[in-house]
Amino acid sequence: MKLLVKCGIVVGKAEKVESCSSVVRALSLQVRDLSSILGRGRNLGQNVGFCLTETRVEIKESVRGQDIFIIQTIPRDVNTAVMELLIMAYACKTSCARNIIGVIPYFPYSKQCKMRKRGSIVCKLLASMLSKAGLTHIITMDLHQKEIQGFFNIPIDNLRASPFLLQYIQEEIPDYRNAIIVAKSPAAAKRAQSYAERLRLGLAVIHGEAQYAEYDMVDGRHSPPAVKNTTIHTGLELPLMMPKEKPPITVVGDVGGRIAIIVDDIIDDVDGFVAAAEILKERGAYKIYVMATHGLLSADAPCLIEESAINEVVVTNTIPHEVQKLQCPKIKTVDVSMILSEAIRRIHNGESMSYLFRNITVDD
């Protein structure tokens, strides 16, 4: 784990990936005289593979009374990354660190933040584990649901990537004034509306049977398991909930002769985006962009994007996706390390974080 140290602040990266390094490099520009320290690259500790693929963390210098910032991106092996973060935080806690701040640009398991059938709210479980391991503060970016912040009993700063994506639209998309912001489902309409209002552009929403949103899954709580010798209470008649029936797919808004910009927070399974791009192409859109904060791009997503009607997919570097970019040149990256490094600097110096949230609304 590489780090930089200055005046009681220790910044370490738990993963040897470029997105972690970019935050550390950006922080060296924020804090005076740290560039020489960063160039030497001192070692605080390391993750050691142990028997039966266990992880062991060794802290190789004193962290007593210091602020520890652990930067952990989420690679393909999510569970290993989570365990590394937990063990490293606990090691710093038992070494008497003053504060332990986790910098987690993409918070894992954030999609599992609601009860589904007879499952569990895994995001709440992970929040409890991080708090118990010793983290005293968390910095993250664009949580899947903002209500996730309520799962924590420690402070959490949910930064936004929208200013960087808006800047990309204005600087990198020719004739963006002829664009229209598109929500690929009604659930994403608020986010799309926020982008449209800031860019002074129109808004379109895709609605119909092609959308398989997670909130349309059967909850299961209305169907308890069968019990033998069940007593039926006469006179108890609950109203019957009618099943959902989606209408044929429609696009609410005129996209003819426009540049369509689809916005969302996560791009993982791209089937929905590819289907939306086909519909927009049929309706007359001549260029289609997809923009999101977190580019998971799992499975065969790069191949599907390359063969689709999508012209460009723009994501931030909250998740490492260098391999996917090699497979698909349509994938572009926006660097957000500067805002993360500024958040680290402000927290360490006890400065207000409100500057990082200026002009940010609830829907952003």
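Helices (H or I, at least four residues) and strands (E, at least two) are DSSP runs, numbered from the N terminus.

**Figure 1. Overview of the predicted protein chain.** By these assignments, the protein chain has ten helices and 15 strands. The model is predicted, and local features need pLDDT of at least 70, side-chain atom pairs count only at pLDDT 80 or more, while totals for chains, interfaces and linings use all residues. Residues are numbered from 1 along each chain as its sequence is written, and side-chain values use heavy atoms, with hydrogens and water left out. Of the 364 residues in the protein chain, 50% are buried (buried means under 20% relative accessible area, exposed over 50%, partly exposed in between; 1.4 Å probe, protein chains only). Among contacts (heavy atoms within 4.5 Å) between residues at least 6 apart in sequence, 68% join residues at least 24 apart. The protein chain has an accessible surface of about 18,500 Å², and carbon and sulfur atoms account for 54% of this area (Shrake-Rupley method with a 1.4 Å probe; for residues, only the protein chains shown count as cover).

**Figure 2. Close-up of helix 3, residues 78–94.** Helix 3 has 17 residues and reaches 25 Å from its first C-alpha to its last, close to the expected 24 Å (1.5 Å times one less than the number of residues). The buried residues in helix 3 are Ala81, Val82, Glu84, Leu85, Leu86, Met88, Ala89, Ala91 and Cys92. Cys96, which follows helix 3, has a positive phi near 70 degrees.

**Figure 3. The largest cavity and its lining.** The structure holds two cavities of 30 Å³ or more, and the volume of the largest is about 40 Å³. On a 1 Å grid over the protein atoms alone, a cavity is a set of points where a 1.4 Å probe fits but cannot get out, and lining residues have an atom within 4 Å of a point. Grid points are joined across faces, edges and corners, and a volume is the space filled by probe spheres set on the points. The largest cavity is lined by Gln72, Ile74, Ala81, Val82, Leu85, Ile104, Pro108, Leu126 and Leu130. Helix 3 and helix 4 (122–133) are the elements that give two or more residues to this lining; the largest share, three residues, comes from helix 3. The lining comprises eight nonpolar residues, one polar and no charged (Ala, Val, Leu, Ile, Met, Phe, Trp, Tyr, Cys and Pro count as nonpolar, Asp, Glu, Lys and Arg as charged, and the others, Gly among them, as polar).

Figure 4. Leaving aside residues up to four places away in sequence, Thr140 touches Ile104, Pro105, Tyr106, Phe107, Ile156, Asp157, Asn158 and Leu159.

**Figure 5. Lys117 and Arg200, two residues with positive phi.** Most residues other than glycine have a negative phi. Phi of Lys117 is near 50 degrees; Lys117 is placed in the loop between strand 6 (99–104) and helix 4, and is partly exposed at 46% relative accessibility. Arg200 has a positive phi of about 60 degrees and is found in the loop between helix 6 and strand 10 (202–207). With 66% relative accessibility, Arg200 counts as exposed.

**Figure 6. Lys190 and Asp364.** Lys190 lies in helix 6, residues 189–199, and counts as exposed because its relative accessibility is 55%. The C-alpha atoms of Lys190 and Asp364 are separated by 8.1 Å, although the two are 174 residues apart along the chain.

Definitions and conventions: On a 1 Å grid over the protein atoms alone, a cavity is a set of points where a 1.4 Å probe fits but cannot get out, and a pocket is an open set with protein on both sides within 12 Å along at least five of seven lines; lining residues have an atom within 4 Å of a point.
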